[in-house]
Amino acid sequence: MHKILVTGGLGFIGSHTVVELQNEGFEVVIIDDLSNSTLDVLDKITAITNVKPSFFKIDLKDKTAVTNFFNENTIDGVIHFAASKAVGESVEKPLRYYENNIGSLIYLLQQMNAKNVNNFIFSSSCTVYGQADELPITENAPIKPAESPYGNTKQIGEEIIKDTTKISELKAIALRYFNPIGAHESAKIGELPIGVPQNLIPFVTQTAAGLRNELSVFGSDYPTPDGTAIRDYIHVVDLAKAHIIAMQRLLKNNQKKSFEVFNIGTGKGNSVLEVIQSFEKVTGQKLNYKFTDRREGDITAAYADTTIANNELGWKAKLTLEDALLSAWKWQKTL
Ligand code: WQD
């Protein structure tokens with residue numbers, strides 16, 4: 001049984017990935033600093049899979065703690081989610097983002113090299129493309145100057161990993177996520193935004209639940225069919241499964257290059273208005289919303305060309321926008 005370290009494994013995407021790893025029979029060890037997650041997620045994962053992952057509360061910026069962990073644990077592969085991920089906050093606190101997201105990555109890779117742990121999956125983001133010139137977006141689309149320090153840490157992170165694969169036995173896959181949404185069908189785990197949600201779906205479900213007065217639709221004058229911005233919303237369970245398939249690719253040495261990149265999206269774009277209409281349809285909940293100005297830094301449209309992920313990785317999104325919205329609503333009602 002392979003033992004996989006999942007950093008940030010108590011977070012939104014991390015916890016869903018731990019569930020799918022355990023479903024596939026992997027032994028999982030989680031490192032999380034609990035800065036953007038809560039310990040009860042460990043019990044929820046256990047309740048879903050009847051297997052309790054081992055857990056270490058470690059801040060990956062603590063080089064000694066990372067070294068001690070790798071001295072005491074034999075790991076076959078690492079899936080690295082742990083990072084700060086609020087776009088707006090990164091603009092206000094760039095140094096915190098560079099220190100956390102880049103510093104942690106470096107200490108992790110140093111220890112992996114030192115202990116000959118050579119299978120690495122990196123949580124990247126379609127944000128590296130900025131506003132792509134062509135849609136759908138392929139992995140060959142040019143990397144645009146980052147719109148935020150958060151996005152920059154993903155671009156720099158990919159470069160650091162690529163350079164490390166050139167001088168070591170490290171094999172790595174960067175998964176560029178589009179917009180992860182939804183929750184596990186059990187409604188035991190899901191997105192737990194702290195404070196006012198920055199992302200669309202948690203704000204939608206909190207508005208529908210009466211926790212927020214109304215949703216502000218950021219911009220209705222985009223050059224899109226209905227004037228609102230378009231994104232590729234992917235169910236977090238489909239996204240989690242992509243990580244297992246990517247890790248198995250490395251464990252079996254099926255990778256074509258030591259550093260590979262895959263777009264993980266549905267390949268379909270939906271506007272904010274379409275999301276609202278779909279939410280109202282599948283939940284029967286009327287949503288209170290108004291149109292406001294565009295949000296600084298937002299792009300008009302992004303959705304994935306998933307040909308390479310489908311053909312090369314052998315992964316394809318199966319769940320629909322409606323599945324994801326319904327699961328998000330079911331999850332919200334448990335909070
Ligand atoms: C989606 C759409 C908003 C909130 C970001 C990061 C990306 C990833 C996902 C971390 C946009 C609109 C939103 C609201 C709105 N994060 N919106 N009202 O900005 O596409 O992507 O989150 O990995 O890296 O860039 O996601 O959910 O914030 O916004 O109208 O209250 O919903 O303008 O068009 P985004 P989002």
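His80, Ala82, Ala83, Asn101, Leu105, Phe122, Thr153 and Lys154 line the second largest cavity of this predicted model, where a cavity is a set of points on a 1 Å grid, laid over the protein atoms alone, at which a 1.4 Å probe fits but cannot get out, and where a lining residue has an atom within 4 Å of such a point. The elements that contribute two or more residues to this lining are α5 and α6; here helices are DSSP runs of H or I with at least four residues, strands are runs of E with at least two, and both are numbered from the N terminus. The volume of the second largest cavity is about 50 Å³, a volume being the space filled by probe spheres set on the grid points, which are joined across faces, edges and corners. Its lining divides into four nonpolar residues, three polar and one charged, with Ala, Val, Leu, Ile, Met, Phe, Trp, Tyr, Cys and Pro taken as nonpolar, Asp, Glu, Lys and Arg as charged, and the others, Gly among them, as polar.

Some conventions apply throughout. The model is predicted, so that local features need a pLDDT of at least 70 and side-chain atom pairs count only at pLDDT 80 or more, while totals for chains, interfaces and linings use all residues. Residues are numbered from 1 along each chain as its sequence is written, and side-chain values use heavy atoms, with hydrogens and water left out.

Rolling a probe the size of a water molecule over the atoms shows where empty space is left. How many cavities of 30 Å³ or more does the search give? The count comes to two, and the largest cavity has a volume of about 80 Å³. The largest cavity is lined by Gly182, Glu191, Pro193, Ile201, Pro202, Thr205, Gln206, Ala328, Trp331, Gln332 and Leu335. Two or more of these residues come from each of α7 (200–208) and α11 (321–334), and the largest share, four residues, belongs to α7. By residue class, the lining of the largest cavity holds six nonpolar, four polar and one charged.

Open space is treated separately, a pocket being an open set of grid points with protein on both sides within 12 Å along at least five of seven lines.

The aromatic side chains come next. A pair of aromatic rings is described by the distance of the centres and the angle of the planes. Rings of Phe, Tyr and Trp (its six-membered ring) pair if their centres lie within 6.5 Å, and planes under 30 degrees apart count as stacked, over 60 as edge-to-face and the rest as tilted. By this rule there are four aromatic pairs. In one of them, the ring centres of Phe56 and Phe69 lie 5.2 Å apart with the planes at 80 degrees, so the pair is edge-to-face. This pair links distant parts of the chain, as Phe56 belongs to strand β3 (residues 54–57) and Phe69 to helix α3 (residues 63–72), 13 residues apart. Phe56 is partly exposed at a relative accessible area of 28%, whereas Phe69 is buried at 2%; buried means under 20%, exposed over 50% and partly exposed in between, for a 1.4 Å probe and protein chains only. Ring pairs also join Phe56, Phe69 and Phe70 into a cluster.

Charges over rings are found at two further sites, the criterion being that NZ of Lys or CZ of Arg is within 6 Å of the ring centre and within 35 degrees of the ring normal. The charged end of Arg212 sits over the ring of Phe203, 5.9 Å from its centre, and that of Arg294 sits over the ring of Tyr222, 4.1 Å from its centre.

The peptide bond from Leu135 to Pro136 is cis, with omega near -5 degrees, and Pro136 is found in the loop between β5 (119–125) and α6. Asn50, although not a glycine, has a positive phi of about 60 degrees and is placed in the loop between α2 (40–49) and β3.
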